[in-house]
Amino acid sequence: MRARLFSVFIFVAFLICAPAQAEAFETKAKQAYLIDAETGTVLFAKDENAPVPPASLAKLMAAEVVFDAIRKNALTLDTEFPVSEHAWRTGGAPSGTSTMFAALKSRVRVADLLQGVTVQFANDACIILAEGMTGSEDAFASRMTERARELGMTASVFHNATGLPDPQNKVTMRDMAMLARHIHARYPEFFRYYSQAEFEWNEILQRNRNPLVAANIGVDGFVTGFAEGFGYSMVATMQRNDRRVFLSIGGLASDKERVEETRRVLDWSMTAFEKKRLFAAGEAVGEAAVYGGAQSHVTLVTRDAVDVLVPVNNPERLSARVIYRWPLNVPLEAGRHAGSLKIWNGTRLLREVPVETAAAVGQGSLASRAADALQELLFFWL
């Protein structure tokens, strides 16, 4: 029997409709991706899957690899790594780039290096960590790409630890926003580094290179970047009251435009949306056909409540589909992952939520299995 992708349209009970002339939001950025932290709702997207040079945005991925190693007890904050000539020349004082001024042939603790990466976006700190953890920057960059795939970042490729110019480096705004959300959720003990106003090390005081952290508007991370031929970019997160959003934005013409546009998009995200509950936890969202079972169909549910954020003035209609591999094979246990619920606002995908079986289904009688086999044969023939 051959499984096929199958979808079931679901009528969302409270379709939202507003005057068709409602004005669409626009940004000067060439690429952007904005998501709500709690629900994962995509609030805005513009060319979010276009590959672009990461510049210092790559340091988010470098930091995640280090955070992951510490979480897995492969590394400690007190571990010390030496400063090689490559790290010193490429990312240190002689480089003229963002640096924490680590001295050649000195040794630096991982705790200090991480603050160099997250507060100062220091290139020398990234290279020192890369060489200390894997023996070379190339090996660490390969690990960054491998880790990106593990996190579902399907388009990003890293060829160095810093994001310094390399034609093989590429990321997408979608991947960057998803990575930022992951870091915030997975590593609260390290996320706090990104909101530090300043970091003093080796008697050198440097302020956080993300200008919005000091603006007192609710932004408490992450990183800025600039690449020739692409422009200015930023990954940022903002919290106001009980809401948090993650934004990645790129292709802006100047540092001033980057700051102004990032702030404008974030401000809009906090005022232009309202939360709607589509399904309660455990509520039926559809049915899936069962092959050879005591019942021909099984109810599909979501484990948690399904909420989305939609524009207050929304000219679009909400719709949803359950997508699964048809048909499901017995025996089926309750709670088995069966597919996903995709929710759209007009043509824009808002959320994708896993669905699971609500009940167990055992093997059916010989007659029911024969009938299912005939149905499968007819479906294949048609």
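Is Phe273 buried or exposed? Phe273 is buried, at a relative accessible area of 9%; buried means under 20%, exposed over 50% and partly exposed in between, with a 1.4 Å probe and protein chains only.

1. Basis. This is a predicted model, in which local features need pLDDT of at least 70 and side-chain atom pairs count only at pLDDT 80 or more, while totals for chains, interfaces and linings use all residues. Residues are numbered from 1 along each chain as its sequence is written, and side-chain values use heavy atoms, without hydrogens and water.

2. Aromatic pairs. The whole structure holds 13 aromatic pairs. Rings of Phe, Tyr and Trp (its six-membered ring) pair if their centres lie within 6.5 Å; planes under 30 degrees apart count as stacked, over 60 as edge-to-face and the rest as tilted. Phe67 and Tyr187 are a tilted pair, because their centres are 5.4 Å apart and their planes stand at 50 degrees. This pair links distant parts of the chain, 120 residues apart. Phe67 sits in helix 1 (residues 58-71), and Tyr187 in the loop between helix 6 (173-186) and helix 7 (188-191). Helices (H or I, at least four residues) and strands (E, at least two) are DSSP runs, numbered from the N terminus. Phe67 and Tyr187 are both buried.

3. The Phe273 cluster. Trp268 and Phe273 pair edge-to-face, with 5.0 Å between centres and 75 degrees between planes. One aromatic cluster contains Phe25, Phe44, Trp268 and Phe273.

4. Five strands make an open, antiparallel sheet in the order 3-2-10-9-8. Two strands pair if DSSP finds at least two bridges between them. Strand 3 (42-46) and strand 8 (219-227) are the edges, each pairing on one side only. The average twist is 5 degrees from one strand to the next. Strand 2 (residues 31-36) runs antiparallel to strand 3, joined by four bridges. Ala32 stands opposite Lys46 of strand 3.

5. Helix on sheet. Helix 6 packs on the sheet and touches strand 2, strand 8, strand 9 (231-240) and strand 10 (243-252). Contact means heavy atoms within 4.5 Å. The direction of helix 6 makes about 145 degrees with that of strand 10. Axes are lines fitted to C-alpha atoms, for helices over the stretch in contact; angles run from 0 to 180 degrees between N-to-C directions.

6. Helices 4 and 5. Helix 4 (residues 123-134) and helix 5 (residues 137-150) pack at about 90 degrees, with axes 8 Å apart. They are therefore roughly perpendicular (65 to 115 degrees). Ile127, Ala130, Glu131, Met133 and Thr134 of helix 4 meet Glu137, Ala139 and Phe140 of helix 5.

Technical notes. Angles under 35 degrees count as roughly parallel, over 145 as roughly antiparallel, 65 to 115 as roughly perpendicular and the rest as oblique.
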